[in-house]
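Visitor: Please give me a close look at a single part of this model. Start with the whole chain, then go in.

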Amino acid sequence: MEEAAQSRSTDTMIDPPSSIRQHVKWKMARTKKTRQMTFEATKEIAEKILSHFQLLIAIIYVYCVIE
């Protein structure tokens with residue numbers, strides 16, 4: 001990577017892995033090994049986060065298709 005940076009070539013540069021999204025970390029921290037949420041309230045919040053994320057993806061998709 002150092003050689004690629006010095007030569008200013010983008011052909012051999014490797015992007016670092018993307019970090020895990022915050023909502024995924026939040027959900028993982030509150031999920032038991034049995035894949036059940038720790039509390040019912042936590043499950044409700046996780047479902048709201050998922051629906052919000054799905055809505056955001058749908059908006060982005062519509063925006064990209066229109067343009």
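Guide: The protein chain holds three helices and zero strands. Helices here are DSSP runs of H or I with at least four residues, strands are runs of E with at least two, and numbering starts from the N terminus. The order of elements from that end is α-α-α.

This is a predicted model, in which local features need pLDDT of at least 70 and side-chain atom pairs count only at pLDDT 80 or more, while totals for chains, interfaces and linings use all residues. Residues are numbered from 1 along each chain as its sequence is written, and side-chain values use heavy atoms, with hydrogens and water left out.

Confidence comes before the close look. The mean pLDDT (the predictor's confidence in each residue, from 0 to 100) of the protein chain is 77, and 70% of its residues reach 70 or more. Helix H1 (residues 2–7) has the lowest confidence, with a mean of 53. Helix H3 has the highest, at 87.

Now the surface. Of the 67 residues in the protein chain, 6% count as buried. Buried means under 20% relative accessible area, exposed means over 50%, and partly exposed lies in between (1.4 Å probe, protein chains only). The chain's accessible surface is about 6700 Å², and 59% of that belongs to carbon and sulfur atoms. Areas come from the Shrake-Rupley method with a 1.4 Å probe; for residues, only the protein chains shown count as cover.

Go to the loop between helix H2 (22–29) and H3, where arginine 35 lies. Its phi is near 70°, a positive value in a residue other than glycine. Arginine 35 is exposed, at 77% relative accessible area.

Next, helix H3 itself. Threonine 42 sits in this helix. It counts as buried because its relative accessibility is 10%. Threonine 42 touches Trp26, Arg30 and Met37, leaving aside residues up to four places away in sequence. Contact here means heavy atoms within 4.5 Å.

Alanine 46 is also in helix H3. At 11% relative accessibility, alanine 46 is buried too. With residues up to four places away set aside, alanine 46 touches Trp26 and Met37. Alanine 46 and tryptophan 26 lie 20 residues apart in sequence, with 8.6 Å from C-alpha to C-alpha.

Valine 62 lies in helix H3 (residues 40–66). Valine 62 is partly exposed, because its relative accessible area is 45%.
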